[in-house]
Amino acid sequence: MLKEIGGFLLVALGGWIYKAIQPPPPRLCGSPNGPPVTATRVKLRDGRHLAYKERGVPKEKAKYKIIVAHGIADSKEFIIPVSQELVEEMSLYLLSYDRAGYGESDPNPKRSVKSEAFDMQELADQLEIGPSFYVIGISMGAYAAWSCLKHIPHRLAGVALVVPIINYWWPSLPASLCSEAYRTLLVQDQWALRIAHYAPHLVYWWATQKWFPAFSALEGTLKIFSQKDREIIQKMSANQPTTTEDKARQQGDFESIHRDIMVGFSTWDFDPMDLSNPFPHKGSVHIWQGYEDKLVPFLLQRYVSKRLPWIQYHELADCGHLLIKSDGVSDEILRALVCGESSSNLAEFND
């Protein structure tokens, strides 16, 4: 009798665990129970749709065509605060899109670091923006930019990685430096990243359980931001609709933010430290980092830039993770990207 009860309890426990770690199905845009399709979209070869938004001058008249890969919990609605004067002066065309699972782009159950580059390439081809284009990858969206440098370098005119995520499990990163940088993160984030890397099947459960704090960036806590970041957040809250992030995640957190974390901190199919300069003659790659960034440690960015000396490294002394929203910085990022070098008077650390 006791053995039967024990067996029943084990089955019940197993069923509870299985249910707890299984994410709900996504609410696909355009499906009977899903959000409506309101954006312009292209259909990819595998049947998925990517939603996009065009800004700047018309692509037919543009001198520089730039694709923007947004960060976590964001979407094509992310606006780089570039001045209209610069857009017109340099004839810039800006193409932003919802990465897979975000906004109105269909989820990709097979999403990987590699797939992000080919999504971007196919979007560019369908919109006929030309044989080469510039890429800006912001925060988590930077792994899409790294992927472009690896998988489609022949299509690139230049790349800017803005406060790019660092995967602590890149093989070439020194263990001691990784440990030092890792310890600067909140303990809850250290645990979240370990789970994303070593046990990705538990990410949904970890993000939704109530016993321990999960990933801080998804909890809306301000303690992970610098003082300047907090000032920017207050200004953005006053001027920006609160529905933007909700729409970015409208198809479900698992296929957007959870899978983003799983992919970004997975074992990549390449080590960025093994990359070669894709622009030996024309074009450039830039990393823009805030010294006060509490989400992405500057220590590792400095190491990356020294290992890859063909990357121009810009470390802004008084900026945090929201560096791109600081006054004048976006103009400088875009000017450096298309001109090849920075002409900024902004304070930087270059050692």
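This note goes through the predicted model point by point.

1. **Ground rules.** Residues are numbered from 1 along each chain as its sequence is written. The model is predicted, so local features need pLDDT of at least 70, side-chain atom pairs count only at pLDDT 80 or more, totals for chains, interfaces and linings use all residues, and side-chain values use heavy atoms, without hydrogens and water.

2. **Confidence.** pLDDT is the predictor's confidence in each residue, from 0 to 100. The chain has a mean of 89. A value of 70 or more is reached by 88% of its residues.

3. Over residues 7–18, pLDDT stays under 50. The model has one contact (heavy atoms within 4.5 Å) beyond four places in sequence for this stretch. Where pLDDT is low, the predicted coordinates should not be read in detail.

4. Helices (H or I, at least four residues) and strands (E, at least two) are DSSP runs, numbered from the N terminus. Buried means under 20% relative accessible area, exposed over 50%, partly exposed in between (1.4 Å probe, protein chains only). Helix H4 covers residues 142–151, with nine of its 10 residues buried. Trp146, Cys148 and His151 are among the buried residues of H4.

5. **The cavity.** On a 1 Å grid over the protein atoms alone, a cavity is a set of points where a 1.4 Å probe fits but cannot get out; a pocket is an open set with protein on both sides within 12 Å along at least five of seven lines; lining residues have an atom within 4 Å of a point. Grid points are joined across faces, edges and corners, and a volume is the space filled by probe spheres set on the points. The structure holds one cavity of 30 Å³ or more. The largest cavity has a volume of about 70 Å³. Helices H6 (187–198), H7 (203–208) and H10 each give two or more residues to its lining.

6. Ala, Val, Leu, Ile, Met, Phe, Trp, Tyr, Cys and Pro count as nonpolar, Asp, Glu, Lys and Arg as charged, and the others, Gly among them, as polar. The lining of the largest cavity has nine nonpolar residues, one polar and no charged.

7. **The second largest pocket.** Its volume is about 320 Å³. Of its 19 lining residues, Tyr64, Tyr134, Ala157, Lys282 and Val338 lie nearest the centre. Strands S3 (64–69) and S5 (133–138) and helix H12 (329–339) each give two or more residues to the lining. H12 gives the largest share, three residues. The lining divides into 10 nonpolar, six polar and three charged residues.
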